[in-house]
Amino acid sequence: MKPLQSRLDLILERIENPRFLNNDGLGNEIGFWIFDYPAKQELMVRDYIKHLTDKLDKRGYKFTTINIYEILIEMLASRGLLERTFIREKQTGVDAIRANLAGPLSQKKIAKFIAEKIKPDTLDFVLFSGLGNAWPLVRGHELLSALQDVMGKTPLVLFYPGEYSGRDLHPFGMIDSKNYYRAFKLVPEDGKKTKSVNPQ
């Protein structure tokens, strides 16, 4: 198993590969990719994403980096719900807030808001981060499912704080959930290229 830094060092190579940029060899599968990592290494991954975006900018790619948590803040602020949400969270807790915001922050509404903001058909790809801060208001498998309807053919990478088995997403590597989602692993633990979207 390669250490995290070794896997991070392979990301640029994978993104610049035609298989990623053009969805080559993916059949009818959507070009959705996941880079999973231990949640305790969040700060390391954040620093790497800044480094990565600088390099991609200099190489002339048309892309954007979306912080999912910041998107939630922007959506709540646009509806005048932000301050009320902070107050209610202190009073009732996160679980109650998630139930209260199930309508305003449904995964489909989040996906639609993102698409209207970034216009994915004008981009080469999109990088998503900030899921750890947005959880449990946003669940990785639910958001990816909703994004399928709005991303078109534009590939995306979700930086995922947890474990992706190739079939199931396990947030933070500690929660034993069966959050099934079909996607490609951008850099598997052995560092080899992903051959199948649904490895057995």
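Which residue does the side chain of E42 meet in a salt bridge? The side chain of E42 meets that of R46, at 3.2 Å from N to O. A salt bridge here is a side-chain nitrogen of Lys or Arg within 4 Å of a carboxyl oxygen of Asp or Glu.

Before I go on, two notes on where the values come from. This is a predicted model, in which local features need pLDDT of at least 70 and side-chain atom pairs count only at pLDDT 80 or more, while totals for chains, interfaces and linings use all residues. Residues are numbered from 1 along each chain as its sequence is written, and side-chain values use heavy atoms, with hydrogens and water left out.

Back to the pair. E42 and R46 are four residues apart in helix α4, so about one helical turn separates them. Helices (H or I, at least four residues) and strands (E, at least two) are DSSP runs, numbered from the N terminus. As a general point, an α-helix has 3.6 residues a turn, so residues three or four places apart point the same way.

Are these two residues buried or exposed? E42 is buried, with a relative accessible area of 17%. R46 counts as partly exposed, at 38% relative accessibility. Buried means under 20% relative accessible area, exposed means over 50%, and partly exposed is in between, with a 1.4 Å probe and protein chains only.

The structure holds six salt bridges. Another one of them joins the side chains of R7 and D36, at 3.0 Å from N to O. R7 lies in helix α1, residues 4–8, and D36 in strand β1, residues 32–37, so this pair ties together parts that are 29 residues apart in sequence. Both R7 and D36 are buried.

A further salt bridge is formed by the side chains of R59 and E16, at 2.8 Å from N to O. This pair also links distant parts of the chain, 43 residues apart. R59 is in the loop between α4 (42–58) and β2 (63–67), and E16 is in the loop between α2 (11–15) and α3 (18–21). R59 is partly exposed, with a relative accessible area of 45%, and E16 counts as partly exposed at 26%.

Next, the helices. Helix α5 covers residues 68–78 and helix α6 covers residues 82–92. Their axes are 7 Å apart, and they pack at an angle of about 110°. Axes are lines fitted to C-alpha atoms, for helices over the stretch in contact, and angles run from 0 to 180 degrees between N-to-C directions. The two helices are therefore roughly perpendicular to each other. The cut-offs are under 35 degrees for roughly parallel, over 145 for roughly antiparallel, 65 to 115 for roughly perpendicular, and oblique for the rest.

Which residues meet there? On the α5 side they are I73, L76 and A77, and on the α6 side L82, T85 and F86. Contact means heavy atoms within 4.5 Å. By class, the contact of α5 with α6 has five nonpolar residues, one polar and no charged. Ala, Val, Leu, Ile, Met, Phe, Trp, Tyr, Cys and Pro count as nonpolar, Asp, Glu, Lys and Arg as charged, and the others, Gly among them, as polar.

Helix α5 also packs with α8: their axes come within 11 Å and cross at roughly 95°. That makes α5 roughly perpendicular to α8. Here I71, L72, E74 and M75 in α5 meet K109, I110, F113, I114 and K117 in α8. This contact has six nonpolar, no polar and three charged residues.

K119, in the loop between α8 (107–118) and β3 (125–129), has a positive phi of about 50° although it is not a glycine. K119 is partly exposed, with a relative accessible area of 46%.

P136 is found in the loop between α9 (131–134) and α10. Helix α10, residues 140–147, is mostly covered, with six of its eight residues buried.

Last, a hairpin. Strands β4 (residues 156–164) and β5 pair in the antiparallel sense over three bridges; two strands pair if DSSP finds at least two bridges between them. E163 stands opposite H170 in β5.
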